[in-house]
Amino acid sequence: MSRLKPEKLHVRHASGVGVGEPLVPRCYTLTHSDTTGDLYLTVARHHDRKQVSGLYTRLMRDEVLAEWGVEHDQPSLHIHCHVSGGLVLGTAGLRDAIFRRELPLVLEAIRLGDNGLFEARPELNRAPILVHFHSPKACYNRTEQWGTPGEYEVTGGAGQHEGE
C-alpha cells in the first residue's frame, strides 16, 4: 500500500535532464514542509544545493539526496541520509528511526517523480537501491540494500511537475 499522496509531491526537472537520459549524472534532492506535508523533488545533473541551503534545512538535515551510479555496467540507485554529525538537531537514534520510518515514502516519491525515466528504461525498476546512512557513530554509519525501484511504484496519480 502506498504512503505517498501524489498531489503532495512537487517535482522539478532541471534543464539538461531528459525523460530517459542521462542516467549518470542524474541526482535527486528531496525536501519537505513540516507544516503542509508537501514533498519537493528536484531531478537534475547535480544535487540542488539551493534547495537545501536554508537555515532550517541545514539544522534539521532531513533532506534526502540520491543519485544513480553504474558499476560493472550495472546501474544502482544510491540514497543518502544524514543521521548525525555536524549541525544537526536530534539524537542519532531518533533520526535513524525517523529516516527508516519515512524511507518507503521517500522511495515512492523518487519513483513517481521520475516516472518518465522508468517508462523509458524499464530495466531500472530492477536496479538495487543502496541506502547510505551517514554518521560518525559506527553503529549508524552503514549501507543497506532497500529493494528495487519497481517495489516502490505508485499507481494512480502523478506528482505536480514543473520544468526549468
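1. Helices (H or I, at least four residues) and strands (E, at least two) are DSSP runs, numbered from the N terminus. The model is predicted: local features need pLDDT of at least 70, side-chain atom pairs count only at pLDDT 80 or more, and totals for chains, interfaces and linings use all residues. Residues are numbered from 1 along each chain as its sequence is written, and side-chain values use heavy atoms, with hydrogens and water left out.

2. Two cis peptide bonds deserve a check. One runs from E21 to P22, with omega near -10°. The other runs from V24 to P25, with omega near 0°. P22 sits in the loop between β1 and β2 (27–32). P25 is found in the loop between β1 and β2 as well.

3. Next, strand β1 (residues 9–13). 5 of its 5 residues are buried, so the rest of the structure largely encloses β1. Buried means under 20% relative accessible area, exposed over 50%, and partly exposed in between (1.4 Å probe, protein chains only). In a regular strand the side chains alternate between the two faces of the sheet. Both faces of β1 are covered. L9, V11 and H13 are buried on one side, H10 and R12 on the other.

4. What is the partner of β1? β1 is joined by 5 bridges to strand β3 (residues 39–44), and the two run parallel. Two strands pair if DSSP finds at least two bridges between them. Within this pairing, L9 stands opposite L39 in β3.

5. The loop between β4 (64–71) and β5 (74–82) contains H72. D73 also lies in the loop between β4 and β5. Phi of H72 is near 55°, a positive value in a residue other than glycine. For D73, phi is near 65°, again positive in a residue other than glycine. Are these residues buried or exposed? H72 counts as exposed because its relative accessibility is 70%. D73 is exposed too, with a relative accessible area of 72%.

6. H132 belongs to strand β6 (residues 129–134). H132 is buried, with a relative accessible area of 14%. Which residues does H132 touch, leaving aside its neighbours within four places in sequence? H132 is in contact with H78, I79, H80, C81, R142 and T143. Contact means heavy atoms within 4.5 Å. One of these partners, R142, is 10 residues from H132 along the chain, and their C-alpha atoms are separated by 6.0 Å.
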